[in-house]
Amino acid sequence: MATDFILSEGANALSPQDMLTLPRPGAPLPNDIGDLAIVPISTYSFQDRKSHKSLSVIALGDGDACDIPLPDGGDAFWLDSRTIAHVVTKDDTQSLYTIPISTSPLSSDLSSHVGSFPITTASAFRYSPSAQRLVFSAYVYPDGLVETVKEQDTAYENRGNSGLVYDETFERQWDTWVGPKSKALIGVSLTKVGAEWVLGETYVNVLKGTGLSSPVEPFGEADDYDISQTHVIFTAKDPQLPKAVHTRQNIYLVAHDGKDLRQLTSGIQGATHSPVFSPSGDKVAWLELALDGHESDRAKVVIYDLKKDVRFTITEDWDRSPDSIIFSPSSALIYATTGDHARIKIFALAVPLTPPSNATQTTQPTALTSSGSISGFTPIPGGRATFALSSLTSPNEVYELSGLDVVERDLLAGTNADVRATTLTRITSFSSTGLQGKDLSPGKDFWFKGTAEGQDTHGYVITPPGFERGVNGKWPAVMLIHGGPESAWFDQWSTRWNPNVFASQGYVVVAINPTGSTSFGQKFTDGINQNWGGRPIQDLLLGWKYILQEYPEIDQNRTAAAGASYGGYAINWIQGNPELGFGFKALVCHDGVFDTTYNGYATDELFFFNHEWGGRPWDPAAFEASRKYSPAYTVAKWSTPQLTIHSSKDYRLPEGDGIAVFHALQQLGVPSRLLIFPDENHWVINAGNSLKWHYEVFRWLDQFIGLS
């Protein structure tokens with residue numbers, strides 16, 4: 001075993017440490033008049049082993065910027081066009097400050113303390129200037145009172161034992177054991193009196209006594225609710241259904257005083273996401289999945305006319321699944337951030353002037369972008385929008401899209417929108433210094449005949465620095481297999497599985513989007529159901545063979561595969577089915593499934609297995625299908641050297657699977673290694689742990705297929 005392995009860190013290479021120390025900008029948040037935006041940035045330093053937080057204030061016209069250090073971190077948002085609110089948690093106290101902004105020149109003034117909250121878990125803030133109302137998410141106990149949380153926290157922490165007792169499922173989720181508190185939406189007045197901001201003293205939990213919790217854990221934040229001058233709209237799990245077995249989330253509307261709670265959804269749908277008010281205030285919209293239990297069902301855009309009490313769908317015939325939506329300033333359009341052919345694009349859809357006679361009305365979406373992956377799309381005055389855009393070669397940068405008034409005019413006239421009238425402008429260059437001189441591959445699309453009928457299957461090839469065509473058999477190659485399984489390799493930056501980091505270590509990287517992947521239509525996504533080791537694996541094999549034929553520069557005796565989650569499952573399945581003929585010399589499995597059937601009992605979200613396999617793990621059809629494609633019953637054929645990685649706080653795929661894989665390999669005498677992170681979940685987030693992850697992955701690959 002090599003003990004002197006060193007990561008490649010040449011000037012033109014993107015090393016793991018290079019990637020981990022690049023600034024990590026969030027999505028821009030523009031002010032109400034659209035001339036400034038704030039961007040939260042986190043930059044990790046291996047010297048002091050800390051993430052340094054800051055806030056960049058960007059002038060959207062000329063890109064001028066000023067940076068505000070935030071040594072204690074905290075959320076930031078606009079109160080008015082020249083005042084930023086900043087929430088700081090320190091010494092068991094959470095306080096609200098204001099930061100005035102000047103524009104000649106662009107600069108920030110000293111912050112002023114406004115007041116403190118009675119809790120320390122406030123997050124996901126939204127402020128309504130017209131209502132002078134601040135709404136946020138916070139954890140509360142069953143009594144729903146914000147004022148008693150600290151007292152109850154003290155009593156709970158000093159209860160004298162660590163025992164947790166459960167009488168129903170969903171006892172733990174993602175990386176946390178469920179305790180007595182749940183998330184609620186809290187409102188409080190925040191007014192400007194003269195030159196001073198005044199935080200009210202009366203807190204209203206608009207969910208108190210409802211049995212509802214929002215935002216929906218583990219990932220729900222401010223995009224799980226929206227506020228108007230008078231109301232809050234939010235999504236929450238159906239309180240009558242077991243949360244571990246159902247995905248149903250209803251949309252609710254409630255007044256700021258917590259009265260007049262209304263359910264706007266039918267109550268027979270699946271999950272809902274991204275509820276938003278129209279600026280005109282007469283409509284709301286959200287994303288809705290039809291099937292309860294299917295977390296990757298197609299999301300449709302639903303509009304609810306509040307005045308006419310009518311609900312209707314406008315994307316019934318659109319075979320794409322948006323991630324988030326927002327109204328245009330005029331309320332005449334909806335912009336949908338949507339995966340399409342391995343990019344995350346912005347689409348514009350016209351809102352019907354009058355509700356249709358039936359429950360659906362098809363609106364033809366128009367794509368406004370074509371490359372990269374967009375997040376945080378926000379329309380601003382003047383027919384413009386600002387957002388973050390990343391790609392395979394760049395982390396988030398702030399962009400502005402202008403000409404949206406022309407698009408709106410055309411769509412409302414019922415004609416094809418003239419997308420050529422729009423202009424995309426890059427505003428920031430946060431990572432230009434860190435990426436200077438790096439030879440990064442933008443990724444080359446390839447398409448091949450897979451197992452899907454009527455459509456080709458997609459993948460990316462990412463080549464290493466110095467790669468040239470014509471020198472056959474020179475380069476080792478690694479196939480990366482994505483998780484989900486209903487996900488995809490996008491033209492998108494990643495700090496966990498970054499194809500260019502692999503390529504910079506000297507590998508040709510192949511990233512295929514097999515059956516089950518998203519952004520290629522719902523039938524393609526659903527094709528993986530009850531078929532994990534079938535069509536998706538065949539797609540991977542067909543794509544792999546296609547690449548080996550098209551790229552003779554790859555040394556077929558030096559190839560490997562690596563994957564996480566479903567990708568880890570695929571690694572274990574390939575390990576046990578050598579007759580497939582991939583020919584890999586080494587494998588890397590991160591948080592992968594070992595026993596598919598057992599996972600239906602052990603995972604936190606039971607609905608996932610029940611949908612993927614057509615029933616509960618003991619139901620005959622589900623038992624037969626999951627056992628058929630369970631790597632646990634192929635162990636006798638395992639022979640390929642494998643690195644197995646797992647995290648102890650991964651409750652999605654508990655660590656017993658990774659340990660079982662390692663034990664089997666060891667007893668078989670197969671070269672194998674186990675890397676455990678006791679403090680990580682399904683993802684390796686800590687920068688030091690991530691560097692260790694990359695070191696061990698590349699050390700393993702180098703041992704069996706590397707250049708050294």
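Is Trp497 buried or exposed? In this predicted model, Trp497 has a relative accessibility of 11%. Trp497 therefore counts as buried, because the cut-off for buried is under 20%.

Start with the aromatic rings. The structure holds 43 aromatic pairs. A pair of aromatic rings is described by the distance of the centres and the angle of the planes. Take Phe446 and Tyr546. Their rings are stacked, at 5.8 Å centre to centre and 15 degrees between the planes. Phe446 sits in strand S34 (residues 444–448), while Tyr546 belongs to helix H7 (residues 535–550), so the pair ties together parts that are 100 residues apart in sequence. Phe446 is buried at 6% relative accessibility. Tyr546, at 29%, is partly exposed.

Trp497 also has a partner. Trp497 and Phe502 form a stacked aromatic pair, with 5.9 Å between centres and 10 degrees between planes. Phe502 is buried, at 0% relative accessibility. Aromatic residues also group into a cluster. Among the members of one such cluster are Trp532, Tyr566, Trp573, Phe608 and Tyr629.

Now turn to the annotated domain. An unreviewed UniProt entry assigns residues 493–706 to "domain: Peptidase S9 prolyl oligopeptidase catalytic". In the model, this span is 43% helix and 16% strand. The C-alpha atoms at its two ends lie 25 Å apart.

Helix H11 covers residues 620–628. Which residues of H11 are buried? They are Ala622, Ala625 and Ser626. Seen down the helix axis, these buried residues fall within an arc of 95 degrees, so they line one face of H11. An α-helix has 3.6 residues a turn, so residues three or four places apart point the same way. The buried residues of H11 pack against helix H9 (596–602) and helix H10 (606–612). On the other side of H11, Pro620, Glu624 and Lys628 are exposed.

Next, a loop. Ser213 lies between strand S17 (204–205) and strand S18 (225–227). Beyond its neighbours within four places in sequence, Ser213 contacts several residues, including Ser182, Leu207 and Ala236. Lys183 and Thr235 are also in contact with Ser213. A polar atom of the Ser213 side chain lies 2.9 Å from the backbone oxygen of Lys183. Thr235 is 22 residues from Ser213 along the chain, and their C-alpha atoms are separated by 8.6 Å.

Finally, the cysteines. The disulfide count is zero. Cys66 is buried, with a relative accessible area of 10%. Cys589 is buried too, at 2%.

Definitions and conventions:
Residues numbered from 1 in each chain as written. Predicted model: local features only at pLDDT ≥ 70, side-chain atom pairs only at ≥ 80, totals over all residues. Heavy atoms only, no water. UniProt positions renumbered as here; feature names shortened; annotations may be inferred. Helix = DSSP H or I, 4+ residues; strand = E, 2+ residues; numbered from the N terminus. Buried < 20%, exposed > 50% of the residue type's maximum accessible area, 1.4 Å probe, protein only. Arc of directions from axis to C-beta. Contact = heavy atoms within 4.5 Å. Polar contact = N/O pair within 3.5 Å; in protein donor to acceptor, adjacent residues only side chain to side chain. Disulfide = S-S within 2.5 Å. Phe/Tyr/Trp six-rings, centres within 6.5 Å; stacked < 30°, edge-to-face > 60°.
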